[in-house]
Amino acid sequence: MPAVGGIVSGNDKEYPGELTPYVLVTCIVGAMGGLIFGYDIGISGGVTSMPSFLKKFFPVVYEKQQGEKTTNQYCQYNSETLTMFTSSLYLAALLSSLAASTVTRKWGRKPSMFLGGILFCAGALLNGFAYAVWMLIIGRIFLGFGIGFANQSVPLYLSEMAPYKYRGALNIGFQLSVTIGILVANILNYFFAKIKGGWGWRLSLGGAVVPALIVTIGSLVLPDTPNSMIERGDHEKAKAELKRIRGIENVDEEFNDLIAASEASKQVEHPWLNLLGRKYRPHLTVAILIPFFQQLTGINVIMFYAPVLFNTLGFANDASLMSAVITGLVNVGATWVSIYTVDKVGRRVLFLEGGTQMLICQIVVASAIGAKFGVDGNPGELPKWYAGVVVVFICTYVAGFAWSWGPLGWLVPSEIFPLEIRSAAQSINVSVNMFFTFVVAQVFLNMLCHMKFGLFLFFAFFVVVMSVYIYLFLPETKGIPIEEMGTVWKKHWYWSGFVSDDNVPNGGIEMGDAGQTPKRV
């Protein structure tokens with residue numbers, strides 16, 4: 001498994017087994033955990049651009065929105081209460097993802113998914129029947145608790161269930177569900193905004209009950225992963241389940257590796273403290289930097305506030321919601337590209353191509369907005385061709401994200417953690433993701449008001465930084481069994497200095513050369 005620069009390809013061992021209809025259906029159902037996350041992202045931006053919603057809960061913003069056209073377009077939605085409505089969810093998700101680590105490790109992935117669905121359902125009902133801002137905020141907090149549990153457990157579940165040859169495509173099913181949730185929310189917003197009487201926002205917010213019930217019921221019918229069963233001492237059921245999902249009788253090699261990884265993980269009493277150890281430095285770095293960079297691509301600025309952003313660009317309310325539907329369609333379509341290519345071309349190629357595409361689009365969008373809006377936010381009459389050009393480049397930017405940092409930001413961290421730290425490390429991954437989602441959501445409207453079109457250049461700078469990080473420090477993980485991932489770090493030009501042959505961070509197993517029997521270390 002040669003390594004040149006940051007690239008590692010191939011693996012020392014191949015477990016038998018194919019992509020069976022059973023595991024395919026299981027992973028599709030499991031991936032639906034992403035629906036609740038996506039639905040909320042899509043609904044939030046659409047609802048906050050509906051005049052009837054703003055008039056009831058955020059009258060100051062409503063007055064700015066309905067004011068004269070000479071109002072500074074950059075600042076018309078700048079409201080701390082409005083941003084708290086959007087971003088409170090992500091702070092709650094951060095806290096619940098830490099608690100989800102214990103649930104996932106001790107009781108399995110399924111209970112975390114079940115709790116995620118139930119909590120999200122409670123939040124949806126509170127928001128749908130809200131009559132005051134405090135009900136909205138509390139509802140958002142419950143939604144956040146649900147997302148924290150679901151986002152912590154679903155990527156792990158998919159990575160553990162999938163055959164290693166197809167792990168990338170099946171894991172990206174989570175991100176595909178997120179994009180479908182966003183698209184469905186955008187379409188519903190478009191039609192609900194047309195309801196006479198101005199109560200369509202209640203249907204948008206309350207409609208979150210549907211994806212919540214899908215996740216809840218799905219968690220009840222899904223089997224648990226062999227990794228999780230072994231971790232809880234149920235070896236016989238684990239072996240039977242492994243045979244079923246691999247579609248063969250001889251799973252001894254993979255099963256023995258899973259047991260060895262589990263036994264090593266049980267020797268770790270404090271996985272949170274263990275994460276600070278030198279041999280886990282590569283994993284901790286990925287768990288922090290990948291979600292950090294994912295949020296600083298600027299994608300959530302687009303997806304949270306797409307209707308608001310397009311409205312600011314001069315689109316009418318209906319047109320801005322339809323523009324958000326268009327970006328949602330692009331998001332779903334481009335995610336299919338990632339599903340098809342990720343196990344063929346690898347993770348690094350998609351990361352770097354997507355980063356380049358996003359960078360170009362951000363510079364063009366910043367230039368286009370700057371040319372028309374200037375620094376005073378008064379664009380005058382915007383020609384339709386101009387608005388169309390902005391939408392095209394925003395869609396191209398969304399496509400670049402949707403086949404790179406969108407799915408891979410969840411896939412790569414979930415597949416590189418050894419079993420003994422897997423739940424804790426995934427919780428850190430989700431927590432960092434939610435923390436910076438919270439920060440971006442909380443400050444975006446204020447930053448747009450003060451930085452104007454320069455905000456897009458701010459995110460473009462981080463796209464350059466993250467692309468350099470990927471090129472230099474992220475090894476290729478395509479086609480490597482999840483319990484053998486330690487070999488990736490041993491052969492990396494930089495991380496090999498942290499991981500010795502006698503201290504391999506992959507569940508306590510040291511792999512012999514050329515696929516020989518693994519030995520405990």
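I started with α2 and helix α7 (residues 133–161): their axes come within 9 Å and cross at roughly 145 degrees. Axes here are lines fitted to C-alpha atoms, for helices over the stretch in contact, with angles running from 0 to 180 degrees between N-to-C directions. Helices are DSSP runs (H or I, at least four residues), numbered from the N terminus.

I listed the contact next (heavy atoms within 4.5 Å). From α2 come I36, F37, D40 and S44, and from α7 come R140, L143, G146, I147, A150 and N151. I sorted the residues of this α2–α7 contact by class: five nonpolar, three polar and two charged. Ala, Val, Leu, Ile, Met, Phe, Trp, Tyr, Cys and Pro count as nonpolar, Asp, Glu, Lys and Arg as charged, and the others, Gly among them, as polar.

A note on the source: this is a predicted model, where local features need pLDDT of at least 70 and side-chain atom pairs count only at pLDDT 80 or more, while totals for chains, interfaces and linings use all residues. Residues are numbered from 1 along each chain as its sequence is written, and side-chain values use heavy atoms, with hydrogens and water left out.

I turned to α2 (residues 34–47) against α8 (residues 167–192). Their axes come within 6 Å and cross at roughly 35 degrees. On the α2 side the contact includes G34, G38, G42 and G46. On the α8 side I picked out F174, S177, G181 and A185, among others. By class this α2–α8 contact has twelve nonpolar, eight polar and no charged residues.

Which helix gives the most to the lining of the second largest pocket? I found α8, with six residues. α1 (21–31), α8 and α17 (317–345) each supply at least two lining residues. The lining has 14 nonpolar, two polar and no charged residues.

Last, salt bridges (a side-chain nitrogen of Lys or Arg within 4 Å of a carboxyl oxygen of Asp or Glu). The structure holds twelve. I looked up E415 with R167: the closest N and O atoms are 2.7 Å apart. This pair links distant parts of the chain, with E415 in helix α20 (residues 405–416) and R167 in helix α8, 248 residues apart.
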